[in-house]
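I opened the notebook to record what I looked up in this structure. The entries follow the order in which I checked things.

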Amino acid sequence: MPQPLSTSQRPIRLGIIGTGLAVKKLHWPALVKLLDRFVVVAFANRTRATAEEFAALARISMDGYTPDYQELLRRDDVDAVLVCVPIPRLLPIARESLATGKHVICEKPPGVDLA
């Protein structure tokens, strides 16, 4: 069981890139158990309807939504990003996220092969 944050620690301000099946079925069920450790401040998905489904599931406002993940990466209030896009898109987005100074969380492999 995670230990609660001390009063001097603030929750991680999380941005989620890709709000499809992996987030809904795998990540959100785990993250919902850690709500004292993070707050979703932004999320990006190319398809608004998919983002709306995630917002409803997570019970968060669409105010933090953008269809453009690069806009999410420019936000100063995002400490870390959870990258949940299809494998062929993952490596470029993860690299770009790191280049902007964000911490990156992803569980998929960085590519479909060694190249």
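**Entry 1: the β-α-β units.** I began with strand β1, helix α1 (residues 21–31) and strand β2, which make a right-handed β-α-β unit. The model is a predicted one. I then found a right-handed β-α-β unit made by β4, helix α4 (residues 87–99) and β5.

**Entry 2: the sheet.** I asked in what order the strands of the sheet lie. The order is β3-β2-β1-β4-β5, in an open sheet of five strands with parallel pairing. I noted β3 (65–66) and β5 as the edge strands, since each of them pairs on one side only.

**Entry 3: β1 and β2.** I looked up how many bridges join β1 to β2 (residues 38–44). There are six, and the two strands run parallel. I wrote down two of the facing pairs. Isoleucine 12 stands opposite phenylalanine 38 in β2. Glycine 15 has alanine 42 of β2 as its bridge partner.

**Entry 4: β1 and β4.** I turned to the pairing of β1 (residues 12–17) with β4, which is parallel and has four bridges. Isoleucine 16 has leucine 82 in β4 as its bridge partner. For isoleucine 17, the partner in β4 is valine 83.

**Entry 5: β4 and β5.** I checked how β4 pairs with β5 (residues 103–105), and found three bridges in the parallel sense. Valine 81 stands opposite valine 104 in β5.

**Entry 6: side chains of β4.** I asked which residues of β4 (residues 80–83) point the one way and which the other. Ala80 and Leu82 point one way, while Val81 and Val83 point the other way.

**Entry 7: arginine 10.** I looked just ahead of the sheet strands in the sequence. Arginine 10 lies in the segment before β1. Its side chain is joined to that of aspartate 79 by a polar contact of 2.8 Å. I also compared arginine 10 with arginine 37: they are 27 residues apart in sequence, and their C-alpha atoms are 7.6 Å apart in space.

**Entry 8: the largest pocket.** Rolling a probe the size of a water molecule over the atoms shows where empty space is left. The largest pocket has a volume of about 230 Å³. It is lined by 18 residues, and Gly18, Asn45, Val85, Pro86 and Arg89 are the closest to its centre. I sorted the lining by class and got ten nonpolar, five polar and three charged residues.

**Entry 9: the second largest pocket.** I recorded a volume of about 190 Å³ for the second largest pocket. Its lining includes Ile12 and Leu14, as well as His27, Ala30 and Leu31. β1, α1 and β4 each supply at least two residues of the lining, and the largest share, three residues, comes from α1. By class, I noted nine nonpolar, one polar and two charged residues in the lining of the second largest pocket.

Notes
Residues numbered from 1 in each chain as written. Predicted model: local features only at pLDDT ≥ 70, side-chain atom pairs only at ≥ 80, totals over all residues. Heavy atoms only, no water. Buried < 20%, exposed > 50% of the residue type's maximum accessible area, 1.4 Å probe, protein only. Pairing = 2+ DSSP bridges. Right-handed = clockwise from strand over helix to strand, strands pointing away. Polar contact = N/O pair within 3.5 Å; in protein donor to acceptor, adjacent residues only side chain to side chain. 1 Å grid on protein atoms, 1.4 Å probe; cavity = no way out; pocket = protein on both sides within 12 Å on 5 of 7 lines; lining within 4 Å. Points joined across faces, edges and corners; volume = space filled by probe spheres on them. Nonpolar A, V, L, I, M, F, W, Y, C, P; charged D, E, K, R; others polar.
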